[in-house]
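Subject: Model handover and findings

Hello,

Here is the structure I promised to pass on. Please open it alongside this note.

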Amino acid sequence: MLIDDAAVALADEGQPPLQVWPYNASLGIGTENPPNGIGSPPWHTAAVHELHLAHDGIEDELEDYLAAAVPIVLIVEVTPEFAYPDGNGYVRLPNLRTAAGDYHAVFCVGAATDPTRGRHLLIRNSWGSFWGSGGYCWLPTEYLIAFTPYAAIVLPSASPPATT
């Protein structure tokens, strides 16, 4: 699915709350019908707005949206380092000459600075709780430079909020 396709789905039908439609890894593409009793769309509708990444290792606008509790979707290249974070959920920075991987959408839900590892983004993935650290990982901000071509914010309204 492309971001544009997801944006149309969110704007037209929306998404029910996660607690009533949890992720089910055993089902394939297009096989998961809405749960009984969830009602009819529209559910929670939203608009997706592209977030222009600076690709310089310092992503002030992204950090401003995180501070404002705005969900951010990142399209990341799935390198071996991303696919297999270390035991603490940290993704190592790949060699720039690593073989090209497929792309995958994830949610960026936070950021923190580790005194020895530097600035990292907290990523929520859909691969289940056995990936990373309970379904999350710490992605170095430098990963965005070469391995994250696209970002977007998800808002319940059609216009993006002002950031500082």
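Below is what turned up, starting with the salt bridges.

Please keep in mind that this is a predicted model.

Salt bridges

Searching the whole structure gives three salt bridges.

Glu-63 is partly exposed, at 22% relative accessibility. Arg-119 is partly exposed too, at 30%.

Next, Arg-92 and Glu-81. The closest N and O atoms of this salt bridge are 3.6 Å apart. Arg-92 is in the loop between helix 3 (80-83) and strand 3 (103-114), while Glu-81 is in helix 3 itself, so the bridge ties together parts eleven residues apart in sequence. How accessible are the two partners, Arg-92 and Glu-81? Arg-92 counts as exposed, with 57% relative accessibility. Glu-81 is buried, with a relative accessible area of 14%. The cut-offs explain the labels: buried means under 20%, exposed over 50%.

Then there is Arg-117 with Asp-86. Their side chains form a salt bridge at 3.1 Å, N to O. This pair links distant parts of the chain, 31 residues apart: Arg-117 is in the loop between strand 3 and strand 4, and Asp-86 is in the loop between helix 3 and strand 3. Arg-117 is partly exposed, with a relative accessible area of 39%. Asp-86 is partly exposed as well, at 27%.

Asn-125

Which side chain does the side chain of Asn-125 contact through polar atoms? The partner is His-104, and the polar contact is 2.7 Å. Asn-125 lies in the loop between strand 4 (118-124) and strand 5. Is Asn-125 buried or exposed? Asn-125 is buried, with a relative accessible area of 3%. Leaving aside residues up to four places away in sequence, Asn-125 touches Phe-82, His-104, Val-106, Trp-131 and Gly-135.

Arg-124

Now for Arg-124, which belongs to strand 4. Arg-124 is partly exposed, with a relative accessible area of 32%. The side chain of Arg-124 reaches the backbone oxygen of Gly-135 at 3.2 Å. Its contacts, again not counting residues up to four places away in sequence, are Val-106, Phe-107, Val-109, Gly-135 and Tyr-136.

The nonpolar patch

Which residues make the nonpolar surface patch? Phe-107, Val-109 and Tyr-136 do, and the patch covers about 260 Å². Tyr-136 is in strand 5, residues 136-140. Tyr-136 is partly exposed, with a relative accessible area of 33%. Patch residues must have over 30% relative accessible area, and Tyr-136 stands at 33%.

Best wishes

Terms used: Residues are numbered from 1 along each chain as its sequence is written. This is a predicted model: local features need pLDDT of at least 70, side-chain atom pairs count only at pLDDT 80 or more; totals for chains, interfaces and linings use all residues. Side-chain values use heavy atoms; hydrogens and water are left out. Patches are made of residues with over 30% relative accessible area and no salt bridge: like charges are joined within 9 Å, nonpolar side chains (Val, Leu, Ile, Met, Phe, Trp, Tyr) within 5 Å. Accessible areas come from the Shrake-Rupley method with a 1.4 Å probe; for residues, only the protein chains shown count as cover. A salt bridge is a side-chain nitrogen of Lys or Arg within 4 Å of a carboxyl oxygen of Asp or Glu. Helices (H or I, at least four residues) and strands (E, at least two) are DSSP runs, numbered from the N terminus. Buried means under 20% relative accessible area, exposed over 50%, partly exposed in between (1.4 Å probe, protein chains only). A polar contact is a pair of N or O atoms within 3.5 Å; within protein, one must be able to donate a hydrogen and the other to accept it, and residues adjacent in sequence count only if both atoms are side-chain atoms. Contact means heavy atoms within 4.5 Å.
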